Amino acid sequence: MPRGLTTDAFSNVLARLGYGTPNLMEGTEYPLTRLTQNYQLMNSLYRNNWIVRKIIDVIPEDMARNWITITTQLPPDEIRKLNKLWRVRRVRQKILTGLKWGRLYGGAVGVIMIEGHEDILHEPLDFDTIMPGSFKGLLILDRWSGVSPSAELVANIDDPEFGLPESYQVTMEDGRTQRVHHSRIVRFIGRELPYWEKLAESYWGASEVEVVFDELKKRDNTSWNIAQLIFLANLRVLKMSDLGEMLGVGDEQAQRELYNTLQAQNWLMSNMGLYLLNKDDSFETHQYTFSGLNDIYESFMLDIAGACQIPVTKLFGRSPAGMNATGESDMQNYYEVIQQQQESILGPVLDKLLPIMCMSEFGAIPDDLEYTFNPIRTPDDEEIADLADKKTKSILEVYNAGLISQKTALKELKQLSTTTGMFSNITDEDIENADDSTHQGEERFGGDLSYGEFTMGAETSNRTGVPQGDTSSVEKFRRVLDRIRRRFRNA
């Protein structure tokens with residue numbers, strides 16, 4: 001069968017329905033506006049519109065809220081040095097700023113500042129030239145504040161930034177313009193674009209505002225119209241039998257007197273006031289009903305929330321609607337969006353920064369350098385207590401089974417302090433002084449010692465667990481207790 005172009009479409013000319021017929025639907029067009037390039041509009045919306053500000057800020061703040069956990073085998077004190085470097089150089093805050101400007105303007109960069117590299121920014125970054133303590137943080141610039149990508153692209157297929165600009169012309173805070181190699185730059189972009197549109201945006205993305213702008217206009221216009229209707233909610237109408245004749249005669253003096261009379265009556269009108277009318281005149285009030293407006297208003301709110309991928313409960317601060325509604329499913333979907341954004345946007349930034357920070361702190365990059373994003377959702381006190389109980393029991397069970405040493409058990413317990421708030425008083429000295437050997441339960445305790453109670457192979461008391469009868473068993477039990485006390489005293 002020969003191939004050809006298929007142009008199937010529904011059309012009913014007589015009913016004026018479908019493709020090519022003269023109806024309102026066929027008058028719809030979607031012009032290419034490229035709203036991202038309207039710099040003044042982006043600034044105005046971010047400064048003045050609270051919805052736009054939340055759309056830009058909420059997702060980056062949740063992405064960076066609980067930060068990361070470094071999973072390398074580095075000693076705890078070395079990991080603490082890296083965590084301190086995050087704080088001292090305000091790297092986390094700078095990354096958060098870069099994420100926001102990337103979402104607002106469609107693109108931003110962070111220039112990696114390394115002491116002693118001021119004159120070689122145009123050269124590829126060589127880790128061997130990073131001296132101890134030379135990492136000084138990030139300089140964040142949005143795409144309109146002195147950052148211009150070069151026309152040359154990365155040609156090395158092994159480079160993670162293959163196909164992106166080779167370098168950037170960057171205007172520093174002192175006004176100097178320098179060419180900075182892409183290996184010294186971390187990129188923050190908005191929404192991804194197809195190839196030709198990415199070229200039109202100079203290899204940046206689209207602003208989040210561009211995606212929600214039409215829905216935002218609908219919501220704002222609806223909100224202002226509802227506010228305007230409040231002023232017309234109670235209309236008072238005075239019917240006068242001879243008003244038409246008076247206006248038709250054109251007697252300005254009579255018209256002025258009528259106006260003054262009505263104005264005086266209007267000022268005096270109150271709950272206790274008196275309104276004088278001619279016997280042929282009448283006075284009526286008309287009230288406007290607002291039924292149905294709230295449903296329309298909430299529909300536009302849902303459209304905005306769907307466009308920006310933020311639940312209505314979080315974006316507008318509203319409680320879940322409907323019977324038995326908790327909002328858990330909406331928030332779970334939102335958490336999945338945050339996790340995807342962390343992996344695709346925040347991950348490449350950290351992949352470039354962490355090795356540089358390690359070279360600055362330790363002079364080397366650990367072979368097993370890895371990290372994981374901490375859970376986005378913050379559990380309540382009851383959930384934390386339940387989590388701590390289950391994890392602690394798991395560690396103790398493995399320890400009692402002789403699979404790990406006391407030192408490893410203490411390390412695991414101390415590591416729980418970041419999520420549970422418990423065991424934070426276990427010091428490095430306690431861990432260093434702990435026993436590093438692993439033994440089975442009988443060898444370690446001199447008897448069959450189970451979790452939660454002690455059984456010595458003899459009859460025990462139901463309340464105290466102290467063996468009854470044989471004095472040698474009692475003495476043996478006491479020795480076991482003393483040994484356990486010494487172990488936990490050292491821990």
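Modeller: In helix 6 (residues 208-231), E215 and K218 lie three residues apart, so about one helical turn separates them. The model is a predicted one, and every value that follows is computed from it. The side chains of E215 and K218 meet in a salt bridge, with N to O at 3.5 Å; a pair qualifies when such atoms lie within 4 Å. The two partners differ in their surroundings. E215 has a relative accessible area of 18% and is therefore buried, the limit for that class being under 20%. K218, at 39% relative accessibility, is partly exposed.

A further pair involves R219 and D220. These two form a salt bridge whose closest N and O atoms are 2.9 Å apart. R219 counts as buried because its relative accessibility is 10%, and D220 also counts as buried, with a value of 19%.

In the contact between helix 2 (residues 50-65) and helix 6, R219 is one of the residues on the helix 6 side, together with E208, V209, V212 and L216. Helix 2 contributes W50, I51, V52, I55 and I56. The residues of this contact divide into eight nonpolar, two charged and no polar.

Two packed helices are described by the angle and the distance between their axes. Here the axes come within 11 Å and cross at roughly 150°. That angle makes helix 2 roughly antiparallel to helix 6, since the class begins over 145 degrees. The crossing of helix 2 past helix 6 is right-handed.

Helix 2 has charged pairs of its own to consider. D62, R65 and K314 are linked in a network of salt bridges, and residues 50-65 make up helix 2. Q309 has a positive phi of about 65° although it is not a glycine, and at 36% relative accessibility it counts as partly exposed.

Elsewhere, E161 and K352 provide a salt bridge of 2.3 Å, N to O, between their side chains. This pair links distant parts of the chain, 191 residues apart: E161 belongs to the loop between strand 6 (147-149) and strand 7 (167-171), and K352 to helix 11 (residues 328-362). Both E161 and K352 are buried.

For the whole structure, a search finds 16 salt bridges. The secondary structure of the protein comes to 17 helices and 14 strands. Of its 491 residues, 36% count as buried. Among contacts between residues at least 6 apart in sequence, 66% join residues at least 24 apart.

Technical notes
Residues numbered from 1 in each chain as written. Predicted model: local features only at pLDDT ≥ 70, side-chain atom pairs only at ≥ 80, totals over all residues. Heavy atoms only, no water. Helix = DSSP H or I, 4+ residues; strand = E, 2+ residues; numbered from the N terminus. Buried < 20%, exposed > 50% of the residue type's maximum accessible area, 1.4 Å probe, protein only. Axes fitted to C-alpha atoms, helices over the stretch in contact; angles between N-to-C directions. Parallel < 35°, antiparallel > 145°, perpendicular 65-115°, else oblique. Left-handed = near helix turned anticlockwise from the far one by under 90°. Contact = heavy atoms within 4.5 Å. Nonpolar A, V, L, I, M, F, W, Y, C, P; charged D, E, K, R; others polar.
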